[in-house]
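Visitor: I am new to this structure and would like a short tour. Could you show it to me and take my questions?

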Amino acid sequence: MHKANWDDYRYVLAVARAGSVSGAARELGVNHATVLRRVAGIEARLGVELFEKSVRGYEIAPEKLRLIEAAREVEAAVGAVERLARAG
């Protein structure tokens with residue numbers, strides 16, 4: 001089984017922020033298919049659908065808000081580690 005890594009969650013958070021795969025792709029500097037593949041992969045690995053997909057875009061499924069918040073905490077922690085490393 002593939003283990004989670006921070007990079008997987010970057011894709012999920014980019015979709016959550018942008019509300020769309022194309023917006024996430026622009027934010028991350030990758031193509032649309034890469035975002036779709038990464039989000040589908042993490043959803044399969046976790047065994048959950050993180051987003052409700054509609055013509056309006058991707059919305060966080062209400063019951064998955066806590067999971068997205070936990071991913072945001074990981075994002076903040078990774079940012080803190082990088083800032084500390086740069087500070088020397």
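This is a predicted model: local features need pLDDT of at least 70, side-chain atom pairs count only at pLDDT 80 or more; totals for chains, interfaces and linings use all residues.

Visitor: How many helices and strands does the protein have?
Guide: The protein has four helices and two strands. Helices (H or I, at least four residues) and strands (E, at least two) are DSSP runs numbered from the N terminus.

Visitor: In what order do the elements run?
Guide: From the N terminus on, the order is α-α-α-β-β-α. The radius of gyration is 13 Å, close to the 12 Å that the globule rule gives for 88 residues, so the protein is as compact as a globular protein of that length. That radius is taken over C-alpha atoms, and the rule is 2.2 Å times the number of residues to the power 0.38.

Visitor: What does the C-alpha trace span?
Guide: Along its principal axes, the C-alpha trace spans about 45 × 25 × 25 Å.

Visitor: How much of the protein is buried?
Guide: Buried residues make up 34% of the 88 residues. Buried means under 20% relative accessible area, exposed means over 50%, and partly exposed lies in between (1.4 Å probe, protein chains only).

Visitor: And what about charges?
Guide: There are 14 positive and 12 negative side chains, and the centres of the two sets lie 4 Å apart. Lys and Arg count as positive and Asp and Glu as negative, whereas His and the chain ends are not counted. Each charge is placed at NZ of Lys, CZ of Arg, CG of Asp or CD of Glu.

Visitor: Let us turn to H1. Which of its residues are buried?
Guide: In H1, the buried residues are Asp8, Tyr9, Tyr11, Val12, Leu13, Ala14, Val15 and Ala16.

Visitor: What covers them?
Guide: The cover includes helix H2 (21–28), H3, strand S1 (51–54), S2 and H4. Contact here means heavy atoms within 4.5 Å.

Visitor: What follows H1?
Guide: Glycine 19 follows H1, and its phi is positive, near 80 degrees.

Visitor: How far does H4 reach?
Guide: Helix H4 (residues 65–87) has 23 residues and reaches 33 Å from its first C-alpha to its last, close to the 33 Å expected at 1.5 Å a residue. The expected span is 1.5 Å times one less than the number of residues.

Visitor: What do the buried residues of H4 pack against?
Guide: Ile68, Ala71 and Gly79 are buried in H4. The buried residues of H4 pack against helix H1 (6–18) and strand S2 (57–60).

Visitor: Where is leucine 36, and what does it touch?
Guide: Leucine 36 is found in helix H3 (residues 32–46). Leucine 36 is partly exposed, with a relative accessible area of 35%. Not counting residues up to four places away in sequence, leucine 36 touches Val21 and Tyr58.

Visitor: How far apart are leucine 36 and valine 21?
Guide: They are 15 residues apart in sequence and 6.8 Å apart in space, C-alpha to C-alpha.

Visitor: Finally, where does alanine 4 lie?
Guide: Alanine 4 lies in the segment before H1. Leaving aside neighbours within four places in sequence, alanine 4 is in contact with Tyr9 and Arg45.

Conventions. Residues are numbered from 1 along each chain as its sequence is written. Side-chain values use heavy atoms; hydrogens and water are left out.
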